[in-house]
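Please read it alongside the sequence and the model shown below.

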Amino acid sequence: MDSMRLLSETAMKFPEALSFSSGAPHDGTHDLTKLSYYVDRYIAHLREQGVPEQRVTRLHFQYGPVNGFIQEEVARMLAKDEDIDVAPEAIMITHGFQEAALVALRGLFRSPDDVLLSVSPAYVGIRGAARMLDIPVKGITEGPNGLEPEAVAAAVRAVRAEGKRPTALYLVPDFSNPSGTVVPLEARRRLLELAAEEGFTILEDNPYGLFADDEERLPTLKALDTRGDVVYLGSFAKSAFPGARLGYLVGDREVVGEDGTRRTLAQELSKAKAMFTVGSSSLSQAAIGGILVDAGYDLRSATRDLAAVYQERLAATLDALAEHFPPERYAEHGVRWNRPRGGFFLVVEVPFEADLVAMERSARDYAVSWAPMRMFHLDGSGERALRLGFSNLTPAAIREGIARLARFIEAESTPEPEATS
């Protein structure tokens, strides 16, 4: 849980180092004048909808609804961009992905015997959220095409054999963080079948799918879900801007209370959200609401230029790695990497232990930083691999950074001469 703090401290300690250690979005499109524009655009939208002026004022200055007030706009965006058709009542606006994960876990896990299944390696935020709530996690090592249904089925059997209950499964099916893998369509359908057969909920995290090439885009698990077995966890950090700290949870499963009251899962989970942040920032909601309205609820089209930036940076990273570590000479340098088709990250295997101590040497002596893969593996493996995040570096900076990384790898891979007496 402390690894992300250590990465941040290393970045502050060595500010001159080119950083591949974060997954920050591209900085180049931010415009301060747009902040007030988008808030004003949303206020104008409310007035156009006939919302009384007193209500408009109260929404922005007072405590708002626990589940937020831009669910209608988010529902229209999900329908347009992801073919996810849900009612606004099935959406909860959250303080970023992390709160969405905490709320979902708190609401779904009721017993010490409930176990979270998670793809491994995985984004550290989900493991941290589970640990904060004392929820046991069983990692499932992914294959070259992401999480494999057969491995999930085996994990379910193993958990049940221990007398425990597999309650939910976490994964990022599109360009997973940190590995960049994509789960094939048939595997997605089989995962949904397993959820129905075994009675677990799928927690689908999708921060990077919006930037998929149209020809390679696959339907989300939520778009394929016909039973309400998928809780969809989203964020506007990549598609809008991280500073809004705004995300959302989609839970359309019907929940029947003891008194017979029928509500969506998102409405039921509002009890948990009320104990975390009470309600999400009104100004952040207005800014994101304005962005959605201004884009005609079509963020996929509005972010095409941004998607092209990320594709260019991915290509620059792959080309630079191939230049410094020719694949045909792998026997000599011992370095190889995966080739994701999108996302913000890729994984490089190296012939030495790539831990936080090595990363600090890299930042201090070679002015380039990265993230150890061990911090993403739930079983402690990944000790000879590192994650490169290329999303917030220009192609020129990427080429220079990979050149520095190559010098570091060469130094780490060269045996020290034996001492003579």
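Two strands pair if DSSP finds at least two bridges between them. Strands (E, at least two residues) and helices (H or I, at least four) are DSSP runs, numbered from the N terminus. The model is predicted: local features need pLDDT of at least 70 and side-chain atom pairs count only at pLDDT 80 or more, while totals for chains, interfaces and linings use all residues. Residues are numbered from 1 along each chain as its sequence is written, and side-chain values use heavy atoms, with hydrogens and water left out.

**Strand E8 and its partners**

- Strand E7 (residues 230–235) and E8 run antiparallel and are joined by four bridges; within this pair, Leu233 stands opposite Leu249 of E8.
- E2 also runs antiparallel to E8, again with four bridges, and Ile91 has Val250 in E8 as its bridge partner.
- In a regular strand the side chains alternate between the two faces of the sheet.
- Both faces of E8 are covered, with Gly247 and Leu249 buried on one side and Tyr248 and Val250 buried on the other. Here buried means under 20% relative accessible area, exposed over 50%, and partly exposed in between (1.4 Å probe, protein chains only).

**The four-stranded sheet**

- Four strands form an open sheet in the order E11-E12-E15-E14, with antiparallel pairing.
- Strand E11 (336–337) and strand E14 (371–372) are the edges; each has a single partner strand, so one side of each lacks a neighbour in the sheet.
- Strand E12 (residues 345–349) and strand E15 (residues 385–389) run antiparallel and are joined by five bridges, and Val347 stands opposite Arg387 in E15.
- The loop between E14 and E15 contains His377, which is buried at a relative accessible area of 12%.
- Leaving aside residues up to four places away in sequence, His377 touches Ser120, Pro121, Arg127 and Gly382; contact means heavy atoms within 4.5 Å.

**Packing of H2 against H12**

- Two packed helices are described by the angle between their axes and the distance between the axes.
- The axes of H2 and H12 come within 7 Å and cross at roughly 75°. Such axes are lines fitted to C-alpha atoms, for helices over the stretch in contact, with angles running from 0 to 180 degrees between N-to-C directions.
- The two helices, H2 and H12, are therefore roughly perpendicular. That class covers 65 to 115 degrees, whereas angles under 35 count as roughly parallel, over 145 as roughly antiparallel and the rest as oblique.
- On the H2 side the contact is made by Tyr37, Tyr38, Val39, Arg41, Tyr42 and His45; H12 contributes Leu283, Ala286, Ala287, Gly289, Gly290, Ile291, Val293 and Asp294.
- By class, the contact of H2 with H12 comprises nine nonpolar, three polar and two charged residues. Ala, Val, Leu, Ile, Met, Phe, Trp, Tyr, Cys and Pro count as nonpolar, Asp, Glu, Lys and Arg as charged, and the others, Gly among them, as polar.

**Salt bridges**

- The structure holds 27 salt bridges, each defined as a side-chain nitrogen of Lys or Arg within 4 Å of a carboxyl oxygen of Asp or Glu.
- One of them joins Asp294 and Arg41, whose closest N and O atoms are 3.6 Å apart. Asp294 lies in helix H12 (residues 282–294) and Arg41 in helix H2 (residues 32–48), so this pair ties together parts that are 253 residues apart in sequence.
- Asp294 is partly exposed at 34% relative accessible area, as is Arg41 at 23%.
- Arg217 and Asp83 meet in a salt bridge at 3.8 Å, N to O. Arg217 is in the loop between strand E6 (201–205) and helix H9 (221–224) and Asp83 in the loop between helix H4 (71–82) and strand E2 (91–94), so the pair ties together parts that are 134 residues apart in sequence.
- Arg217 is partly exposed at 28%, whereas Asp83 is exposed at 55%.
- Asp252 and Lys222 form a salt bridge at 2.5 Å, N to O. Asp252 lies in the loop between strand E8 (247–250) and strand E9 (254–256), and Lys222 lies in helix H9, 30 residues apart.
- Asp252 is partly exposed at 31%, while Lys222 is buried at 4%.
- Arg190, Glu193 and Glu197 are linked in a network of salt bridges.

**Gly28 and Asn392**

- Gly28 is located in the loop between strand E1 (18–19) and H2 and is exposed, with 57% relative accessibility.
- Gly28 and Asn392 are 364 residues apart in sequence, with their C-alpha atoms 8.9 Å apart in space.
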